[in-house]
Amino acid sequence: MTGLAHSSAPSGGLSTNALVTAADHLLNPPGSTTLTPGVRARAAAILLRLALDETLDAYWQTVSPRMTRSNGRTRMLCLQWYIAPSVARQWYAVWSGLSAACHHHTYELPPTPAEVRAWHQDVSELLRVLAAGKT
Amino acid sequence: MSDTALRDLLLARLPKSGLSVEEQAQLRDLLPAAQARSGGHSGTVYMQSITAAGWRGIGPAATVQLRPGPGLTLVTGRNGSGKSSFAEAAEMALTGDNFRWQGRTQVWKKGWRNLHEHSSPEVGVELCFDGDSEGGKEPVTVRRVWHGEGLDESRTVVEQAGKPTGEDLHDVIDAEQLTLYRPFLPYTQLGAVINGPLTALHDEISRILGLELLSDTDTAARARAKTLTETENAAKALTATVIQELSTVDDPRAAEAVAALSGRSPDFDLVRALLKGHSVADEVHLSRLRRLAALESPDLQTITKAVARLRSAAAVADDARHGSAEDARQLIKLLDTALEHRRRHPDVSDCPVCGSTNLLDRAWAERTRAQVERLQAEAADAEAAHRELTAAVREVHDLMQPPAAWLQADEPSLAALWRDLTACRAVREPRELAEHAEHAAAVLADACLQVRDDAVRRITAQDGRWQPVAARLSAWLGQAEAAQAAKPVTKQIKAVRSWLRTLTDELRDARFKPFADQSGEIWRLLCERSSVSLGAIGLAGVGPQRQVSLPVSVDDADAPAFGVMSQGELHSLALSLFIPRATHQDSPFGFVIIDDPVQSMDPGKVDGLARVLDLYAQHRQVVVFTHDTRLKEAISRLGLRATVMDVSRQPDSVVEVVPVSDPVSQALDEARAVALDPHLPPEVADRVLPPMCRLAVEAAYQAAARRTLREAGLEQSKIQQKVTRPGPLTGLAAIAMGMEGAGPGDVLNAIARDHGTSARDLIRLLNQASHQAPTTPVGDHRDLVRRTERLAKEVQAR
């Protein structure tokens with residue numbers, strides 16, 4: 001199978017690496033910014049989830065292209081039979097966390113920058129492992 | 001480790017401890033007596049159910065059924081559903097106490113009864129003991145019922161197979177171990193674990209490390225050392241006081257005692273000699289007085305009597321000499337001669353002397369014989385008087401004994417008087433002797449009496465001063481001897497304590513390490529992404545400074561734990577300390593009950609918590625009560641196995657507990673979701689569905705195998721080992737069907753017999769799936785899941 005983490009951008013014009021970097025910039029702005037931390041955190045969460053989605057889609061493209069049409073949970077649940085189960089489960093957990101953070105819930109507080117920063121690390125780690133772990 | 005084991009270890013180390021024989025004996029003596037632990041049940045205890053009625057949020061009796069063995073159980077329910085009431089009921093049943101109620105006011109303590117159902121509140125748990133032999137397989141029920149209004153007015157009943165066993169609660173559950181390992185963590189205590197003084201936490205953890213025997217021994221040693229030091233100090237103080245007292249006493253012995261006490265090390269022998277009256281002072285001064293006091297002068301009365309005798313004898317002798325006695329003797333001689341002459345010349349009657357004739361006739365002869373006899377008697381008297389005088393003189397001479405030799409040195413004048421008396425021995429003339437003896441004796445007796453009285457008076461005076469001093473000195477001696485004996489013992493105790501400290505440090509480090517490692521691991525799982533990091537926790541300091549060190553740093557800068565941690569992080573820290581304690585290898589409690597650990601945790605921590613719980617559920621029965629769905633979702637997303645129950649509360653406190661999911665339904669749900677996805681490519685389905693279905697069947701057989709092994713009386717740890725060992729499904733199925741070790745063919749036949757041939761084919765297919773990607777398509781995917789579900793349900797229902 002071919003490398004995926006650095007696959008070409010299928011949508012939005014950004015590669016997954018660029019998405020992760022953009023998220024990092026949102027979390028740690030190099031200069032002054034007018035955006036509030038809460039807004040930046042949510043935006044970063046959206047970028048990170050997109051990175052996970054696109055990487056996974058790119059992965060399934062190489063395995064079985066029709067999988068990209070199946071629902072998110074299926075893509076996640078099937079993954080553990082193709083890659084290390086612990087990575088697949090972690091993927092699911094992080095993806096779920098990011099998904100919850102992306103949506104506006106009236107009853108839930110927006111994600112904190114620290115939480116999203118933690119996810120940022122998780123996502124980078126997952127992308128690295130998936131790229132390296134294809135045997 | 002039990003006290004006995006630690007005692008054995010300590011005694012085994014003793015010979016090579018480098019301690020002297022005396023020190024080793026001291027240590028043995030200081031070891032507290034071994035205590036036997038009793039209990040009718042043995043082995044790890046697991047919880048089979050929790051029941052409550054009329055208790056807090058629960059009205060009519062409601063029960064949470066648990067699987068008594070390692071595994072994770074989640075009891076979910078909204079706030080106020082009664083789930084916490086169950087957690088508290090379990091704790092209350094076993095401890096009669098609960099953190100929530102501790103230190104609360106009366107008002108709080110009155111709110112424990114259910115509002116709707118308050119006539120006969122009751123809480124209870126069913127417990128399974130791993131180590132119980134046959135007959136003990138039945139779970140033990142502990143019920144707590146109330147007989148009064150107060151929360152503490154309760155009693156427990158222990159039942160087995162529906163009958164009271166007559167046991168007390170503490171026969172079933174060791175209260176001390178319950179406090180030690182505390183397998184209950186209510187939400188309210190999450191904050192308190194580290195809000196309390198760190199000294200207390202230090203003590204609690206130290207107690208888990210099971211080194212109380214060492215600290216108890218050290219406490220005993222310290223107490224003994226203190227007593228010894230007090231003895232020494234008291235002796236020192238007393239020495240000063242006694243010296244002060246002695247120097248005011250005018251007595252040679254007191255002066256000697258002061259010298260004996262004043263040296264660097266007091267002269268005990270000298271003091272002992274002084275007290276017994278054998279001292280130098282005694283020899284020189286007092287013994288002279290004592291001799292004089294006991295001086296015996298010549299007996300005046302005897303002398304007087306002898307002198308009188310002498311005088312009378314002298315008078316009698318004088319009379320004899322000057323009177324007729326001597327004349328008579330001479331005349332007797334003459335007359336005897338005349339008579340002899342008459343006898344030789346009987347016919348002659350003339351006197352040859354004067355010449356007269358006819359006078360010396362017969363009549364003369366008769367007359368003269370009679371005169372001679374009379375004269376002879378007179379002469380004998382004179383002889384006797386002479387002898388008596390000689391005897392009287394000798395008696396007086398004999399009475400004149402010389403004085404004792406020492407008298408010359410002690411009392412020269414008295415000795416001179418005495419010599420004057422003895423000079424009498426040279427006097428022979430009776431009258432002179434009598435005069436001299438009488439006078440000298442009288443003078444000497446007077447002088448002796450005076451000297452003796454004087455000596456006695458002086459002795460009495462000295463003794464009067466000495467007696468109280470001697471009593472003090474004697475008391476000092478006792479104290480000083482005790483202090484002297486204490487000195488080497490103090491040294492021994494010091495050596496013993498030093499060795500104990502080394503041993504304690506070594507064992508504490510060794511035993512604390514796994515604990516600290518576990519805490520660190522839990523913290524990392526919970527707070528992997530936190531900016532706050534926790535270093536190696538430790539038991540630091542001694543005495544009042546002892547505490548649990550929690551080296552916390554924020555972005556690599558050291559910080560105080562409580563200042564920088566969020567509530568969620570504090571709770572994580574509490575869990576990191578609580579879980580290793582509750583699941584300590586020496587704990588007899590196989591279960592741990594945690595109430596609402598999820599509150600105030602952010603999503604990353606909930607995932608970590610799920611992993612932690614799963615980790616400990618591998619060898620412990622972990623029961624978690626939680627009010628939201630986040631933990632349940634995290635468990636399911638992470639593919640961890642758990643049994644989930646939901647608690648709901650209808651009006652009038654009617655509480656219902658419904659099973660929601662278990663590892664079988666979890667696996668089936670996932671397989672079904674995948675199979676039902678219309679866009680699932682067949683080749684992916686062929687690859688993923690068989691192993692997913694296999695997981696469901698495996699989980700079902702695992703549960704069944706656990707039941708079978710439990711009924712066969714196997715220990716939970718062995719059961720866990722057997723059912724989690726990787727292997728073909730047939731192996732697990734064999735255990736579940738009670739045919740462990742049977743060949744795969746026999747097992748498959750048994751499955752076909754019990755569940756039909758399609759079940760056998762399904763097992764074959766699923767078994768293959770775990771080993772290789774199937775080369776043949778598995779057919780209708782939804783049908784595969786349906787068949788799997790049917791078999792799994794049947795196996796579960798066995």
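How many residues lie between β16(B) and β17(B) in their hairpin, and which residue in the turn has a positive phi? Three residues separate the two strands, and B:Asp652 in the turn has a positive phi of about 60 degrees.

Before going further, a word on what you are looking at. This is a predicted model, in which local features need pLDDT of at least 70, side-chain atom pairs count only at pLDDT 80 or more, and totals for chains, interfaces and linings use all residues. Residues are numbered from 1 along each chain as its sequence is written, while chains are lettered from A and ligands numbered from 1 in the order in which they are written.

Strands (E, at least two residues) and helices (H or I, at least four residues) are DSSP runs, numbered from the N terminus. Two strands pair if DSSP finds at least two bridges between them.

| Strand pair | Bridges | Sense | A facing pair |
|---|---|---|---|
| β14(B) and β15(B) | five | parallel | B:Asp595 and B:Phe625 |
| β3(B) and β16(B) | four | parallel | B:Leu74 and B:Val644 |
| β16(B) and β17(B) | seven | antiparallel | B:Arg649 and B:Val655 |
| β9(B) and β12(B) | three | antiparallel | B:Ser533 and B:Ser553 |

To find these on your screen, look for β14 at residues 591–595 and β15 at residues 621–626 of chain B. Axes here are lines fitted to C-alpha atoms, for helices over the stretch in contact, and angles run from 0 to 180 degrees between N-to-C directions.

**A three-stranded sheet**

Chain B also has an open sheet of three strands, ordered β9-β12-β13, with antiparallel pairing. Its edges are β9 (532–534) and β13 (557–559) of chain B; each has a single partner strand, so one side of each is left without a neighbour in the sheet. From one strand to the next, the twist averages 40 degrees. Strand β12 of chain B covers residues 552–554.

**Helix packing in both chains**

Two packed helices are described by the angle between their axes and the distance between the axes. In chain A, the axes of helix α2 (residues 37–63) and helix α4 (residues 85–102) come within 9 Å and cross at roughly 140 degrees. That makes α2(A) oblique to α4(A); angles under 35 degrees count as roughly parallel, over 145 as roughly antiparallel, 65 to 115 as roughly perpendicular and the rest as oblique. The crossing of these two helices, α2(A) and α4(A), is left-handed, a term used if the near helix is turned anticlockwise from the far one by less than a right angle.

Among the residues making this contact are A:Arg42 and A:Leu52 of α2(A), and A:Trp91 and A:Trp95 of α4(A). Contact between two residues requires their C-beta atoms, placed from the backbone, to lie within 7 Å. The contact of α2(A) with α4(A) has ten nonpolar, one polar and two charged residues. Ala, Val, Leu, Ile, Met, Phe, Trp, Tyr, Cys and Pro count as nonpolar, Asp, Glu, Lys and Arg as charged, and the others, Gly among them, as polar.

In chain B, helix α26 (residues 729–736) and helix α27 (residues 744–755) pack at an angle of about 65 degrees, with their axes 9 Å apart. The crossing of α26(B) and α27(B) is left-handed. B:Thr730, B:Ala733 and B:Ala734 in α26(B) meet B:Pro744, B:Val747, B:Leu748 and B:Ile751 in α27(B). By class, the residues of this contact are six nonpolar, one polar and no charged.

**Where the chains meet**

In the interface, 23 residues of chain A are in contact with 22 residues of chain B. On the chain A side, α3 (72–79), α4 and α5 (113–132) each give two or more residues, and the largest share, seven residues, comes from α4(A). This side of chain A has ten nonpolar, eight polar and five charged residues.
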